Number of protein chains: 2
Amino acid sequence: MRTTMEVDENDSIAELLRERFSEQSTLVLDLISSPGSGKTSLIEATVRALGKDYRIGALTGGVATERDAERLRALGIPARQILTGGGCHLDARLVNSALSPGGFEGLDLLFIENVGGLICPATHDLGEDFKVALLSVTEGDDKPFKYPGIFSRAALTLITKVDLLPYVSFDLDAVRAELASLNPAGRVIVTSAMTGDGIWQWCQTLSDRLSAKVSVASWVV
Amino acid sequence: MRTTMEVDENDSIAELLRERFSEQSTLVLDLISSPGSGKTSLIEATVRALGKDYRIGALTGGVATERDAERLRALGIPARQILTGGGCHLDARLVNSALSPGGFEGLDLLFIENVGGLICPATHDLGEDFKVALLSVTEGDDKPFKYPGIFSRAALTLITKVDLLPYVSFDLDAVRAELASLNPAGRVIVTSAMTGDGIWQWCQTLSDRLSAKVSVASWVV
């Protein structure tokens, strides 16, 4: 368990990050899921759809390998791997350190791809605008109630890999009901990075949030 | 990160658990995987295959809900849920407390189903004979190198949900090579709880280990 001092320190840095992102009108999303639910694939699909209209960057968390960041740099966006040295989640200090060398200024959209896991990553404020949870249909329809922390906190949950629905036991209506019970204000989008299902709806949501963010920033100035 | 004192305390309790399990000739496996890779389904398949010949029990870890233990009790085996109160892994103290009320004495085989996650659960000795890692083909073939802690420690890795191989991008040979590189002494079994593929091989491995354990215990007495 985290001490009060650790929480306070994390949240102070997160607040500074949030101010900096706000000044630059950068929309920041913290993507959280089990290993292999499709976080990197989602960012790839988003860059392909929105990369011409928006400046997108990504920080990718993991305990080992540069693979996720390499996949994203191959699409021509700035991406930096944060290796946690065994740690099971990102925190605000790690995000701040990863941004310090520069290269991520003036973005419209910054993805923070958290370390794979549904528990520890859910508990840390990284200065993001909101957290996005991903749940692949192959993981089973009992996961929202089994991991309520993230599914009650995420403003948006993406059900991923729905192209595999014909081959697995997954009750989409039951999951929608679980999510609505845990998180009445949360939104749900059903997607497949393989077929493109739901990617337009996801990108439209991002585009709406980006427009709102820019409007607010202009208005504040 | 854990302090030396925490590691020492955990390992002392784990050693006492190991002695107790050894005295009772109980083979104990710590099952570790991402959420939804099929730990509970594997235990169910094992009980169906070996339940008439061996006394099997299970402790199931999670942050919320009794669902996994309920699924297993429905098969007529003793099963108890360990709720971690938000904690991302089991430890030896939690296992010891869960066993204290009794009901798990004289088992041949005890499964400890860890909390879903590939990082924190890998680091704690629970007094088990060995750790078993599960990796479903839907999680992607890059996971061993991305989560080397568990895949280098597990005596046995089960590749699960191979019935879904035709529908996903997963290079089985590449994963075998990654695992061999991380863990040359480790074994790999390819399974599907849906079709039964590999379940016989898994049960045969357990049966061999159970025979060896009983022989050693008899010889020691």
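## Confidence and conventions

Chain A of this predicted model averages a pLDDT of 95, and 96% of its residues score at least 70. pLDDT is the predictor's confidence in each residue, from 0 to 100. Where pLDDT is low, the predicted coordinates should not be read in detail. For the complex, the predictor gives an ipTM of 0.92 and a pTM of 0.94.

Residues are numbered from 1 along each chain as its sequence is written, while chains are lettered from A and ligands numbered from 1 in the order in which they are written. In this predicted model, local features need pLDDT of at least 70, side-chain atom pairs count only at pLDDT 80 or more, and totals for chains, interfaces and linings use all residues; side-chain values use heavy atoms, with hydrogens and water left out.

## How the two chains relate

A rotation of 180° superposes chain A on chain B, with 0.0 Å of shift along the axis and an RMSD of 0.0 Å. That is the relation of a two-fold axis. The superposition is by least squares on the C-alpha atoms of residues with pLDDT of at least 70 in both copies.

Of the interface residues of chain A, 100% are also interface residues in chain B, so the copies meet through the same surface. Contact here means heavy atoms within 4.5 Å.

## The sheet

Chain A holds an open sheet of 7 strands. Their order is E3-E2-E4-E1-E5-E6-E7, and the pairing is parallel. Strands E3 (79–83) and E7 (187–190) of chain A stand at the edges. Each has a single partner strand, so one side of each is left without a neighbour in the sheet. Neighbouring strands are turned by 20° against each other on average, direction ignored. Strands (E, at least two residues) and helices (H or I, at least four) are DSSP runs, numbered from the N terminus. Two strands pair if DSSP finds at least two bridges between them.

Within chain A, strand E2 (residues 56–62) runs parallel to strand E4 (residues 109–113), joined by 5 bridges. Leu59(A) stands opposite Ile112(A) in E4(A). In chain B, strand E2 (residues 56–62) pairs with E3(B) in the parallel sense, over 5 bridges. There, Leu59(B) stands opposite Arg80(B) in E3(B).

## A helix across the strands

Helix H2 (residues 39–50) of chain A lies across E1 (27–32), E2, E4, E5 (130–136) and E6 (156–160) of chain A. H2(A) runs at about 165° to E4(A). Axes are lines fitted to C-alpha atoms, for helices over the stretch in contact, and angles run from 0 to 180 degrees between N-to-C directions.

## Helices H1 and H4

In chain A, helix H1 (residues 4–23) packs on helix H4 (residues 92–99) at about 40°, with the axes 8 Å apart. H1(A) and H4(A) are therefore oblique to each other. Angles under 35 degrees count as roughly parallel, over 145 as roughly antiparallel, 65 to 115 as roughly perpendicular and the rest as oblique.

From H1(A), the contact uses residues including Ile13(A), Leu17(A) and Phe21(A). From H4(A), Val95(A) and Leu99(A) are among them. The residues of this contact divide into 7 nonpolar, 2 polar and 3 charged. Ala, Val, Leu, Ile, Met, Phe, Trp, Tyr, Cys and Pro count as nonpolar, Asp, Glu, Lys and Arg as charged, and the others, Gly among them, as polar. In chain B, helices H1 (residues 4–23) and H4 (residues 92–99) also pack at about 40°, with their axes 8 Å apart.
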